[in-house]
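Colleague: I would like to learn how to read the packing of helices. Could you take me through a case?

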Amino acid sequence: MEFSHEQLQSLTLRSEGWKSVWTLLWEALYERLQGMLINGPANDPDAWTLNRQYSMLRDTSLAQDFIAHMLEDYRRRAELGTLLAGFEGAPGQVLVYLAAPKLVRRRALDFAARHGRMGITGMPRPDSPESPRVRSVDLESSEVEAAAPDGAARPRGATDLGTLRLNIAWNPGGGVDARVRMAALQCWPRLDPRQVGLDLLESDLRERIDPDAPRDEIDTLLEQHRISRRRLTERLRAIDDEIHSAPRMHAPRRQDLDDQRVRCQVDLILEPLLREQVQRLLSLSSPEAAYQQLSRYRKAHARLFPSLKSALQGSGGGG
């Protein structure tokens with residue numbers, strides 16, 4: 001995508017029309033980062049593989065988190081008017097300036113070092129000798145069984161994540177903000193029936209969700225959760241099949257697969273819905289809007305689910 005001097009100047013000065021320029025630049029940056037980090041068709045997440053140069057990000061899900069992190073930083077700088085500070089090149093060089101390969105790789109290394117899986121701490125470390133345990137998190141059926149190695153014992157007092165109920169920590173008196181709404185959207189099928197303010201959360205979702213006829217708002221949401229659950233449990237099956245088909249698998253590959261299945265497990269609990277699903281359900285104006293809401297939600301995990309860490313540790317997923 002080519003930009004003109006006038007467009008870039010508008011963005012720098014935040015003059016009339018700068019937000020439209022930023023939207024175009026955001027889309028171009030997303031495409032560039034996606035192409036740098038991830039191999040495969042942009043519209044087919046199941047076919048994605050991680051570019052080897054970014055193996056520090058472990059899997060494509062964490063790579064997407066990193067892309068969202070980069071885009072959020074770009075957005076903040078664009079709003080401050082500092083995004084293009086120091087840029088003196090031709091308009092055609094703006095993407096290389098903002099997302100040079102060396103810069104992106106350096107930021108990826110920093111991101112991988114500073115951030116755990118989706119902001120959740122206490123998950124297995126790469127050097128942990130204990131293989132993470134994967135259990136079904138489908139509340140309607142047992143699609144995925146325990147995926148620990150044969151003979152591995154379940155930790156005493158472990159929580160069965162297949163029956164894990166979530167409680168969002170919030171004050172209904174303060175209203176439903178975007179983070180609480182995203183928590184309800186992502187975790188609706190497994191919210192505890194005793195959830196504080198559950199009726200208010202449902203009412204808010206019904207006001208915000210654009211239903212797919214002939215379904216109502218909640219039925220539309222549940223259908224999207226079923227789609228996501230199938231996608232993630234199929235991925236878990238594929239991981240387990242690869243592990244069981246190669247009992248003498250090299251340790252680094254086994255560790256990578258273990259990391260991937262823990263990642264899928266966490267996604268099933270806290271963020272099963274993809275950015276595209278969120279955008280469609282909430283009728284958001286752009287992919288950027290969905291990314292911003294998801295990014296803020298991830299950063300608020302510890303505040304929204306203060307009791308979740310102990311449950312994950314009890315399941316064998318904490319260290």
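Modeller: Gladly! An axis is a line fitted to C-alpha atoms, for helices over the stretch in contact, and angles run from 0 to 180 degrees between N-to-C directions. Helices are DSSP runs of H or I with at least four residues, numbered from the N terminus. This is a predicted model, where local features need pLDDT of at least 70, side-chain atom pairs count only at pLDDT 80 or more, and totals for chains, interfaces and linings use all residues. Residues are numbered from 1 along each chain as its sequence is written, and side-chain values use heavy atoms, leaving out hydrogens and water.

Colleague: At what angle do the axes of H3 and helix H11 cross?

Modeller: Two packed helices are described by the angle between their axes and the distance between the axes. Here the axes of H3 and H11 (residues 287–299) cross at roughly 105° and come within 10 Å. H3 and H11 are therefore roughly perpendicular (65 to 115 degrees) to each other. Their contact (heavy atoms within 4.5 Å) includes Asp65 and Arg75 of H3 and Glu288 and Arg296 of H11. By class, it has three nonpolar, three polar and seven charged residues (Asp, Glu, Lys and Arg count as charged; Ala, Val, Leu, Ile, Met, Phe, Trp, Tyr, Cys and Pro as nonpolar; the others, Gly among them, as polar).

Colleague: And how are H2 and H3 placed?

Modeller: H2 (residues 18–37) and H3 (residues 60–80) pack at about 155°, with axes 10 Å apart. They are therefore roughly antiparallel (over 145 degrees). Among the residues in contact are Trp22 and Leu29 of H2 and Phe66 and Leu71 of H3. This contact has 14 nonpolar, two polar and two charged residues.

Methods: Helix = DSSP H or I, 4+ residues; strand = E, 2+ residues; numbered from the N terminus. Parallel < 35°, antiparallel > 145°, perpendicular 65-115°, else oblique.
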